[in-house]
Structure formats: structure tokens, C-alpha cells
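Please read this briefing beside the sequence and the structure shown below.

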Amino acid sequence: SAAPRSPYRHLELCGIALGIHKGSLRLFALHPACACEISVIFVAFRYILTGAAASHRPKRAVEIYACSCAFPKAGTNGGEGIVPNRGREKRSLMTESVDRQTAVLRLRGADDILILCHKNPDGDTIGCAGALYLALKALGKNAAILCSDTIPKMYDYMELRWFDGSFNPAFVVAVDVASIQLFGENNNVPQYAAHTNLCIDHHASNSGYAYETLLDPGAAAACEFLLDVIVDMGVTITPQIANCLYTGIATDTGCFKFASTTPRTHMAAARLMEAGADVEKLNARLFESRSHARITAERMAMESLEYYFNDLCAVICLTWDQIESSGVAGAELEDLTSLPRSIEGVEVGLTYRQQQDGSFRISVRTSGNIDACNIARRLGGGGHARAAGCEISGNLDNAKHAVLEEVRKELQRCGLLDQDAG
């Protein structure tokens with residue numbers, strides 16, 4: 001099926017993209033292949049978005065005359081401002097921050113809507129997708145959900161419609177996805193992720209890949225403030241929608257135990273309980289049940305336990321072979337990330353999970369004033385102050401060395417480790 005419509009479509013076919021951000025022209029390469037000596041001239045380009053028919057896109061008029069640029073030859077250092085293409089990451093200059101009312105207008109004005117989750121889906125991205133799908137369905141919209149990876153069975157109580165290619169998406173919305181690399185590569189997700197109209201997220205590290213972004217970094221979960229978005233859309237919070245939203249809030253806060261939990265988080269949960277969320281059954285399913293595979297994986301992980309920096313940092317690791325042999329599901333692996341940090345005296349917990357391609361996915365959990373996002377961000381990742389993550393290619397020793405070096409710096413910054421500590 002064709003990719004969704006994009007205001008930059010014709011330019012993207014040329015391997016470049018153009019955007020307007022707060023009145024400033026932005027022009028950049030989309031693919032490494034564009035880093036060759038070419039000159040592109042756009043003459044009398046005009047793009048106008050007005051009227052109810054385009055109410056789901058930014059209402060603006062853009063006129064560009066004789067705007068030209070030249071890309072450097074491959075292997076040269078010319079072209080200041082042109083940066084290497086990391087995966088399919090777009091420049092953050094493309095995005096425009098919007099408020100809740102604007103996001104509501106976009107969603108109410110759109111149809112044929114595709115909702116994208118992040119890879120290795122957790123309760124927040126799935127809960128957002130399920131709740132938003134049900135809300136759009138209540139408004140008579142045609143919508144469906146797409147994810148690069150299989151949804152864990154523990155979330156099969158949600159009413160979800162999976163995208164089967166039966167319609168051509170005209171509007172793409174991403175939920176709880178901080179950067180374009182987090183979409184994954186399966187199920188044709190990349191072709192839609194590259195044209196994300198609206199991103200709804202709560203990660204302060206959001207890279208700004210979408211045309212418009214509704215961001216609330218103060219929310220403990222994306223589901224926490226999606227509740228208000230859905231209410232403002234004029235949709236009644238049904239028990240089914242409440243179950244989806246409660247799932248996201250409960251899982252992203254560790255059943256309200258994490259430092260990100262605020263009074264606002266509890267108030268949102270209370271509203272969902274009043275709307276009919278089956279909290280008792282949801283909590284039992286999400287937090288009080290462990291599969292045999294999960295217990296096996298936990299045993300393997302704890303056998304790898306190591307301590308660093310005067311026991312302030314604890315590390316566990318699972319290789320791909322161990323993950324495969326245990327049969328543990330991805331969602332249950334997420335639960336393992338809290339283990340090293342839960343050890344008495346440990347301020348930083350690191351969980352290394354090898355991926356099928358040999359790379360390592362690292363989860364960082366911290367306490368006190370130690371910023372997990374600082375650690376992950378310097379390695380190309382991101383997240384929150386107490387929970388963050390990144391991915392590193394190479395062998396385990398190299399991955400450990402890279403992350404532990406950043407942990408050392410963060411412990412020294414917080415005064416927990418001497419500056420001359422190695």
C-alpha cells in the first residue's frame with residue numbers, strides 16, 4: 001500500500017526535504033546517497049493549507065522562489081549544517097510543538113488514521129494506541145494500529161484493530177515514541193513512520209521527527225495526558241478506554257512506585273477507576289503473574305550480576321541465546337530492568353539485553369539525583385530522569401565499557417564518586 005500523503009512528498013522523491021519552522025526555511029538530506037555534488041533549484045514552489053478539508057494539517061501558506069542548495073561530494077567535509085543520516089532520523093528542526101487543543105483539532109479533522117507504536121511494545125504505547133483507536137472509532141473515524149513487533153499476550157484484553165493495508169493512511173499519529181529509530185523495521189512501519197503527522201509523547205528526549213508534536217514531559221506516562229486529549233475530543237471514557245489508559249499509566253510507573261508518579265498521576269488513575277477501569281484484574285494480570293519463562297530468564301540474569309564503583313552500580317546481562325532458550329516474551333523482559341536497581345545500596349542499575357543482530361539494548365534505572373537520561377543520551381539514547389535506555393553495537397565488553405564510563409561521570413557529577421576514580 002502507498003505511503004501516507006505528505007506536504008513534502010515531491011521534495012522527498014528527490015532525496016531531500018524542506019520544511020518551515022517558525023518562519024524559517026529548513027532544507028536537508030534524507031538519505032546518505034544525497035551527499036553527492038548536485039544542485040537543486042526550486043522555482044515558484046507554492047503550498048497552501050487552508051479550509052476545513054485540511055484541518056488536520058497545519059494551516060499555513062508557504063511560498064519559496066529560486067531557493068537553491070548544493071550538497072558536498074561524498075567523503076568531503078563541505079556543507080556546514082548537513083549532518084550524517086543516523087538511521088532514518090529526521091532533523092528536529094522539522095517539528096512544531098502544538099498544544100492539546102491543536103492536537104484535538106488535528107485528530108477530529110482527520111480520517112483514515114494510522115496509529116503507530118514503538119518496537120518492543122510496552123503497556124504505555126499499546127495502551128495509548130488502544131485508547132486512541134477506540135476514541136476515533138467512537139467519532140466514526142476509520143483507524144487502525146501498526147507495530148513493528150508482536151504485541152505480548154498479557155495485553156490481549158484490549159480491543160485493537162490491526163492495520164492490514166485495506167486503506168491508504170491519510171494521517172499518521174505516533175504514541176509514546178521518542179525517536180524514529182524506536183519504530184522498528186518490520187511490517188512496513190518505516191514507510192509510515194517517515195511521514196508522522198502528529199506525535200503524542202511524554203519523553204523529554206523526543207527528537208522531533210514528526211511534523212507536529214504534542215509533548216508533556218511532566219507526565220508519568222503518555223496515557224496520563226492522552227486521557228485529557230480524548231475527553232477534549234468529545235469522547236466519553238468507556239470502561240474499555242479506561243482499561244487501556246490505566247494499563248499505560250500503571251506499567252510506566254511500576255504500579256505507581258516510580259519517582260515519576262505525581263499527584264496528577266493518581267488523579268488520572270482515579271478518574272479511570274470512576275470510568276470503569278477494572279483495576280483489580282488489571283493489576284493482577286500486569287504485576288502479580290510470572291510465567292515459567294520469565295522466572296528462568298530472571299535466574300539467568302541474576303547469575304550474571306556484577307557490581308561496580310563501590311557497589312553503587314549493579315549490572316545484569318542476558319545474551320540472545322539465553323533469551324531464546326528461556327522463551328521469555330519481550331514485555332516480561334522489560335520487567336527485569338528493575339532488578340539490579342532494587343538491590344540495597346545500588347544507585348544505578350544496568351540491564352544488558354542482546355538483540356538478534358548482536359547489538360545490545362541497555363536499560364538504565366537510577367535513584368536519588370542521578371539522571372538516567374544523562375547517561376543514555378550521551379550514548380545516543382534517551383528517556384526519563386529515573387528510567388532511560390540506549391542501544392549499542394559491538395561485543396558485550398565494549399558495550400559495558402561505554403555505558404560504565406558514562407555512569408562513572410554521572411556518579412562523579414553527583415558527588416558519589418571521587419573525581420579520580422577509574
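**Helix 5 and its cover**

In helix 5, the buried residues are A222, C223, E224, F225, L226, L227, V229 and I230, where buried means under 20% relative accessible area, exposed over 50% and partly exposed in between, with a 1.4 Å probe and protein chains only. This is a predicted model, in which local features need pLDDT of at least 70 and side-chain atom pairs count only at pLDDT 80 or more, while totals for chains, interfaces and linings use all residues. Residues are numbered from 1 along each chain as its sequence is written, and side-chain values use heavy atoms, with hydrogens and water left out.

- Helix 5 covers residues 222–232 and is mostly covered, with eight of its 11 residues buried; helices (H or I, at least four residues) and strands (E, at least two) are DSSP runs, numbered from the N terminus.
- The cover over the buried residues of helix 5 includes helix 2 (100–109), helix 3 (123–138), strand 11, strand 12, helix 6 (239–252) and helix 7 (263–274).
- Just after helix 5, G234 adopts a positive phi of about 90 degrees.

**Helix 3**

- Because 14 of the 16 residues of helix 3 are buried, this helix is largely enclosed by the rest of the structure.
- The 16 residues of helix 3 should span 22 Å at 1.5 Å a residue, and its end C-alpha atoms are 22 Å apart, which agrees; the expected span is 1.5 Å times one less than the number of residues.
- Just after helix 3, G140 has a positive phi of about 80 degrees.

**Aromatic pairs**

- A search of the whole structure finds five aromatic pairs, where rings of Phe, Tyr and Trp (its six-membered ring) pair if their centres lie within 6.5 Å, and planes under 30 degrees apart count as stacked, over 60 as edge-to-face and the rest as tilted.
- One of these pairs is formed by F163 and F167, which are edge-to-face at 5.1 Å centre to centre with 80 degrees between the planes.
- F163 counts as buried because its relative accessibility is 13%, and F167 counts as buried at 9% relative accessibility.
- The rings of F183 and Y209 have their centres 5.4 Å apart and their planes at 90 degrees, so this pair is edge-to-face.
- F183 counts as buried at 0% relative accessibility, and Y209 counts as buried at 1% relative accessibility.
- F163, F167 and Y192 form one aromatic cluster.

**The protein as a whole**

- The protein has 13 helices and 18 strands, and of its 422 residues 51% count as buried.
- Among the contacts in the protein with a separation of 6 or more, 66% are accounted for by residues 24 or more positions apart, where contact means heavy atoms within 4.5 Å.
- The protein exposes about 19,100 Å², of which carbon and sulfur atoms supply 50%; accessible areas come from the Shrake-Rupley method with a 1.4 Å probe, and for residues only the protein chains shown count as cover.
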